[in-house]
Amino acid sequence: MGKVVKVSGPLVVATGMADANMSDVVRVGPERLIGEILTMNGDSASIQVYEETSGLGPGTEVVTTGSPMSVELGPGMIENIYDGIQRPLEEIMKKVHGNNLPRGVEVPAIDPEKLWEFTPVAKAGDRVTGGDVIGTVPETPVVLHKIMVPPNLHGTLKSVVPAGSYNVKTVVAVLTRDDGSDVELTMSQRWPVRVGRPYKRKFPPLRPLSSGQRIVDTFFPVAKGGTAAIPGPFGSGKTVMQHALAKWSDVDIVVYIGCGERGNEMTDVLREFPELIDPRTGETLMKRTVLIANTSDMPVAAREASIYTGITIAEYFRDMGYDVAVIADSTSRWAEALREMSGRLEEMPGEEGYPAYLASRLAQFYERAGAVSCLGSDERSGSLTAVGAVSPPGGDLSEPVSQGTMRIVKVFWALDASLAYKRHFPAINWLNSYSLYLDSLKPWFDENLGRDFLKNREQAMGLLQSEASLNEIVQLVGKDSLSPNDQLTLESARMVREDFLQQNSFVDIDSFSSYDRQEKLLSMILSYDRLCREAIDKGAPAARLFEIPCRERIGRAKSVPAEEYSQVYADIAADMEREIDEVVRKAGEEL
């Protein structure tokens, strides 16, 4: 037991802590506030307190728990909403009969009384190792929770309970280690948040994450098990983009971390997700979602923990063999919490006051993503995709958090406030964004969408880049002074921008676009460009080619119902060819 000698906001210094270790969780004061030891100097410990410290003073008692900051993993996490240190907010609200989070409140992360239908898949006498599945629990209609042997254990099962209803604290199996000692296994386990969960091996990411957003899937794809960043200034649509990824990505589990963001944004998630129907399962999105809410009015120190809490929960579901996405909104607020604690610790500041270890902490977070072969005797693979928003002050991407993130992640979706103000969503700037997964995903695209898919992508990108160059000329001399081919380039690029890249999330048909639909829509736009160029070479006037009826039909093609688009697109392509031939014929007659 130690005594407080200094209080500086969320930082508390205590002496008499010789028995404690770095990263130990401690309880401070009569209200038993949760804290974590950051540094040790002799018997003096600097403690990061995850709750409001007003009222604490010198002489207050500090007790160490002897274990690091950990999360409880087991059935009951899906559909739950936690704060940054895995306290269930809904259960706390019921306990305190109010909307404010009181200090020192202690509520189990997983309901210890709720009964779950456990079905054993292993039997007494089986030899098991860490990661082996001993039973299953249908946690929600879409998530089969696999009860696994903790990673650091192996031995022989001495007993396994029969199928039935049990709570998470019930001993469902007894494992006999090689040294003869017995270990009781329950349906829950604990894991320290700052330590990545182990796996057999990591694979290169080879499958794309389908988000239903055309600019993401076609132009700047992220692989399952990959990393991506969404940087952008205030009002450019970072949160809207992350909500879209959480809603429509083809993953089994979503862990959404609201780190230092506005409370109304988390409220939007809580209101929308129970009402939104998952297109893959037919159930509501909450049936596969874990929410971690550490809003801007909550203690700043807990922001730092929320990122690790979320990714540890995600790793646990990855170890079951699921595809998991971690959506962190935003890592800039997390970095601000790091900066504040670093300043109170009187560490040497780095660039813009951030600690010198900012880049390494960012890397530690993103490196926990990946496509892996899971622990266990059976062959099981899972993936964890990490997507983090970055909120640079004033939209300045040269600031340390943006630069540190760009060095680590392989996909960069640069949001542009000017596009957002024009009501172009997703407001991703196609000239500043990039994806480094295109080469590794090429075999998948070639096999599933044809070899022309990536060629069409490159051609569309070429049109957009040419448009940027031509716009400078247009501003000087006007559009009419351009050659017919250059005028066609501007028209085709506008079609790519407005008819392909722009999506309307308020229209159900357009809010999600499958890969097959994306491929057909882009092919149709580029076919228009190709046929028009051939017609111009034959003397057809560009103005008439822009006025053909199919030009307007292409503009409305993205609103065609999902069950009809294939036939409608084929009809448009056939009519387009006929109408362009008619323009060429008339031009020939006039000559």
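The largest pocket of this predicted model is lined by 43 residues, and those nearest its centre are Val240, Met241, Lys247, Ser505 and Phe506. Because the model is predicted, local features need pLDDT of at least 70 and side-chain atom pairs count only at pLDDT 80 or more, while totals for chains, interfaces and linings use all residues. Residues are numbered from 1 along each chain as its sequence is written, and side-chain values use heavy atoms, with hydrogens and water left out.

**Overall build**

- The protein has 591 residues, of which 55% are buried, where buried means under 20% relative accessible area, exposed means over 50%, and partly exposed lies in between, with a 1.4 Å probe and protein chains only.
- Its secondary structure comes to 17 helices and 26 strands, which are DSSP runs numbered from the N terminus (helices are H or I with at least four residues, strands are E with at least two).
- The C-alpha trace spans about 100 × 55 × 45 Å along its principal axes.
- Among the contacts with a separation of 6 or more, 70% join residues 24 or more positions apart, a contact being heavy atoms within 4.5 Å.

**The largest pocket**

- A pocket is found on a 1 Å grid over the protein atoms alone, as an open set of points where a 1.4 Å probe fits, with protein on both sides within 12 Å along at least five of seven lines; its lining residues have an atom within 4 Å of a point.
- The largest pocket holds about 1,200 Å³ of space, a volume being the space filled by probe spheres set on the grid points, which are joined across faces, edges and corners.
- Helix H3 (238-248), helix H4 (263-272) and helix H13 (508-511) each supply at least two residues of this lining, and the largest share, 8 residues, comes from H3.
- The lining divides into 16 nonpolar, 15 polar and 12 charged residues, where Ala, Val, Leu, Ile, Met, Phe, Trp, Tyr, Cys and Pro count as nonpolar, Asp, Glu, Lys and Arg as charged, and the others, Gly among them, as polar.

**The second largest pocket and Thr295**

- The second largest pocket has a volume of about 620 Å³, and of the 24 residues that line it, Leu89, Asn99, Leu101, Thr295 and Met298 are the closest to its centre.
- Helix H1 (89-96) and H4 each give at least two residues to this lining, with H1 providing the largest share, 5 residues.
- Thr295 sits in the loop between strand S21 (289-294) and helix H5 (301-318), and at 9% relative accessibility Thr295 counts as buried.
- Leaving aside residues up to four places away in sequence, Thr295 touches Gly258, Gly260, Glu261, Arg262, Gly263 and Met266.

**Aromatic rings**

- The count comes to 14 aromatic pairs, under a rule by which rings of Phe, Tyr and Trp (its six-membered ring) pair if their centres lie within 6.5 Å, with planes under 30 degrees apart counted as stacked, over 60 as edge-to-face and the rest as tilted.
- The ring centres of Tyr316 and Phe317 are 5.7 Å apart and their planes lie at 65°, so this pair is edge-to-face; Tyr316 and Phe317 are both buried.
- Phe365 and Tyr366 also form an edge-to-face pair, with 5.0 Å centre to centre and 70° between the planes.
- Arg197 lies over the face of Trp191, at 5.1 Å from the ring centre, a charge sitting over a ring if NZ of Lys or CZ of Arg is within 6 Å of the ring centre and within 35 degrees of the ring normal.
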